[in-house]
Amino acid sequence: MFNVTKKSMEWGNETLTLETGKVARQADGSVIATLGETSVMANVTFAREQKPGQDFFPLTVHYQEKYYAAGKIPGGFFKREARPTEKETLTARLIDRPIRPLFVPGFKNEVLVMCTVLSHDLVNDPDIVAMIAASAALTISGVPFMGPIAGARVGFANGEYVLNPDVEDMQDLRANPEQRLDLVVAGTQDAVMMVESEAYELSEAEMLGAVKFGHDAIKPVIDLIVALAEDAAKEPFDFTPPDYSELYEAVKAAGEDQMRAAFALTDKQERTTAIAEAREAIKSALTEEQLEDANLSSAFKKLESSILRGDIISGGARIDGRDRNTVRPIVSEVGILPRTHGSALFTRGETQGLVVTTLGTGDDEQFIDALHGNFKSNFLLHYNFPPYSVGEVGRVGSPGRREIGHGKLAWRALQAVLPAPTDFPYTIRVVSEITESNGSSSMASVCGGSLSMMDAGVPLKAPVAGVAMGLILEDDGQFAVLTDILGDEDHLGDMDFKVAGTSEGITSLQMDIKVAGITPEIMEQALAQAKDGRLHILGEMSKAITEAGSFSTHAPRIETMNIPTDKIREVIGSGGKVIREIVETSGAKVDINDDGVIKIASSDGEAIQKAYDMIYSIVAEPEEGKIYKGKVVKIVDFGAFVNFFGKRDGLVHVSQIENRRLNHPSDVLKEGQDVWVKLLGFDDRGKVRLSMKVVDQETGEEAKKEEEQAEE
């Protein structure tokens, strides 16, 4: 019944297996990739005809994590997988970015790639396995795909690069100081196609070394995919790229001069209007047949691209008049919103971000339900890109893939400089509202986020800035690396290369390209040029703020204390009775972690102190030889019981009340009376022994002995 093809190899410390022919046989391409005991099924289907009037490539990539893969049932009220999680959205983008440029130019048939996690061993992250499975499925499907590609994750611990480190090691780099890098690299046999990373201030050389290490590691995987395709690939789809050279020449002849004049305008809005007018003028000169040609948009893009790229390669100025290395003018402002905890307005040319920081307590942490376990995150960054930021109208809805991806990139860039949770026990939420956009709004979010957090009083280890680099690469090998690219340079160029970091090193690197790969020489130049740009931007940001400012009066105050884990039950009490009493009495919020860390939050310092004292009285142990103020709670014939330490009572024997013989303790004491006592110790049965007579009852200080008084 089945015609199964299976290929395996040793990769790192695990066995990588690719299998096809048994499952999903009606898909154009179906591969199950397994690394260790993590398995992902990738299925590819594509339309045999292009939709009429289709002027873009409709590639859709879905990545789904099934909870059964890790032996779990989804949490919440609806016990089935629903809308994509952030991890699923980011992984779908991770797969889409390196494969999209490798489809044959002009192919605009609909393509669907679906990756489903079937098994997760909690060691090998399924995102890399999914990328490999998707590439293999595309390669054997017959779709005009110029792959295969492969991907790998690279860590950097103790000065050594690590191939595909365990999921647990990469879950939170802040909690694992030995691990300084989480980098995903994807590429073909000859060149790198995509890089995504978060890092702890790595140098340019260390980052470039990680990319090269990852690229070398994926080459055997590409060979494995090729071997699978040799035995199992379907006949290639008969596709001939459309020839629209005549249409292009007609478009060029009708309006090259007007289009060139439009690109000469330095203001974005004026340039956009002039380009639209040039397009309309060109259309008016074309025939009806040419206007109905599905390749008309491609002809327009080719004309615009040739104008922008040709001027730059020939050594001319960019469309806004800058040279290749110059960063646009920057204005940084902080503290612009009076009631927020921290705010900043970062403007770079025609790109602007209003970034706001809010500080919260442990109750505000985000719960994340992942395949490899549930955990909390105390740093959130949300990025919003409304239509008005580019002068357009459009539908406003829930965050799309782009907003989630850009927000995560900014999160990665900033997380490396955050203080440890034990030093700064706050939940931090940063929201970036992009109010203007003309290139690199994600990097504006990084810069604005750094400024905003410092304005909120967050003690960052160092300020962070980000810059987007571009590339113009011609067929004859000539290339130009551009610093701080505009939207048009991103759209019509060959690379979007974003680098963020401090003055000491890189904290995040993201690269996407639209050609069949770039060389190490180009990447090295881009990193060097990006460092110069980053240092310049940091200098401009320092004009607004350089370190954590004063703490907002509107932000909650949080104090932490550590208690032994065996005391947690006593602080919580039966059914939460004790902790509720502490909260109600003090007025402060109290959050207790399983590791014994207690966070006490309130805008009132007295409330925090009261809660602290109540908890301390429960968990602390009285010290022998120390003097305490207590209250008489019961009088008996042989002494008095005194409540002296929280709810702890002890006996003051009748002989320890005064330095004289008493007939009965009630001669000098009464219930409810405040007294000073010294803890003498504990008897054989663990009972507390207290003394009043060795303490001056007026001052609370230890009484002088008779010999000392005689000497005086």
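Begin by selecting Asn 158, which is found in the loop between β7 and β8 (160-163); helices (H or I, at least four residues) and strands (E, at least two) are DSSP runs, numbered from the N terminus. The model is a predicted one, in which local features need pLDDT of at least 70 and side-chain atom pairs count only at pLDDT 80 or more, whereas totals for chains, interfaces and linings use all residues. Residues are numbered from 1 along each chain as its sequence is written, and side-chain values use heavy atoms, with hydrogens and water left out.

**Backbone features**

At Asn 158, phi is near 55°, a positive value in a residue other than glycine. Asn 158 is exposed, with a relative accessible area of 64%; buried denotes under 20% relative accessible area, exposed over 50%, and partly exposed in between (1.4 Å probe, protein chains only).

Select Leu 122 next, in the loop between β6 (111-119) and α2. Leu 122 is not a glycine, yet has a positive phi of about 65°. With a relative accessibility of 42%, Leu 122 counts as partly exposed.

Then display the bond between Gly 147 and Pro 148, a cis peptide bond with omega of about 5°. Pro 148 belongs to the loop between α2 (126-141) and β7 (150-157).

**Helix α1**

Select residues 86-99, helix α1. Its 14 residues reach 21 Å from the first C-alpha to the last, close to the 20 Å expected at 1.5 Å a residue; the expected span is 1.5 Å times one less than the number of residues. Helix α1 is mostly covered, 12 of its 14 residues being buried. Among them are Arg 93, Asp 96 and Arg 97.

**Salt bridges**

The structure holds 38 salt bridges, each defined as a side-chain nitrogen of Lys or Arg within 4 Å of a carboxyl oxygen of Asp or Glu. Select Glu 65, Lys 87, Asp 125, Asp 127, Arg 153 and Asp 182 together to display a network of salt bridges.

Move to helix α4 (residues 204-232), where Asp 216 and Lys 219 are 3 residues apart and thus separated by about one helical turn. Their side chains meet in a salt bridge (3.7 Å, N to O). Asp 216 is partly exposed at 48% relative accessibility, and Lys 219 is partly exposed with a relative accessible area of 27%.

Now select Arg 348 and Asp 484, which form a salt bridge whose closest N and O atoms are 3.1 Å apart. This pair links distant parts of the chain, 136 residues apart: Arg 348 is in strand β12 (residues 342-348), and Asp 484 is in the loop between β19 (479-483) and α11 (487-492). Both Arg 348 and Asp 484 are buried.

A further salt bridge joins the side chains of Lys 543 and Glu 540 (3.2 Å, N to O). Lys 543 is exposed, at 64% relative accessibility.

Select Ser 197 in strand β10 (residues 192-202). Ser 197 is buried, with a relative accessible area of 1%. Leaving aside neighbours within four places in sequence, Ser 197 has contacts that include Asp 182, Met 207, Arg 412 and Thr 507; contact means heavy atoms within 4.5 Å.

Arg 271, in helix α6 (residues 268-284), is buried with a relative accessible area of 1%. Beyond its neighbours within four places in sequence, its contacts include Phe 263, Ile 319, Asn 438 and Asp 488.

Val 417 lies in the loop between α9 (401-415) and β17 (427-436) and is buried, with a relative accessible area of 1%. The C-alpha atoms of Val 417 and Pro 463 are separated by 7.7 Å, although the two residues are 46 residues apart along the chain.

Colour the chain by domain: domain 1 (5-231), domain 2 (245-314), domain 3 (330-543), domain 4 (557-619) and domain 5 (626-691), with bounds from an automatic or database domain assignment. The C-alpha centres of domain 4 and domain 5 lie 29 Å apart.

Finish at helix α15 (residues 605-619), whose 15 residues should span 21 Å at 1.5 Å a residue; the end C-alpha atoms are 21 Å apart, which agrees. The buried residues of α15 are Ala 607, Ile 608, Ala 611, Met 614, Ile 615 and Val 619. They cover an arc of only 130° around the axis, which puts them on the same side of α15; the arc is that of the directions from the helix axis to the C-beta atoms. Their cover includes β22 (557-562), α13 (568-572), α14 (577-586), β23 (589-592) and β24 (597-602).
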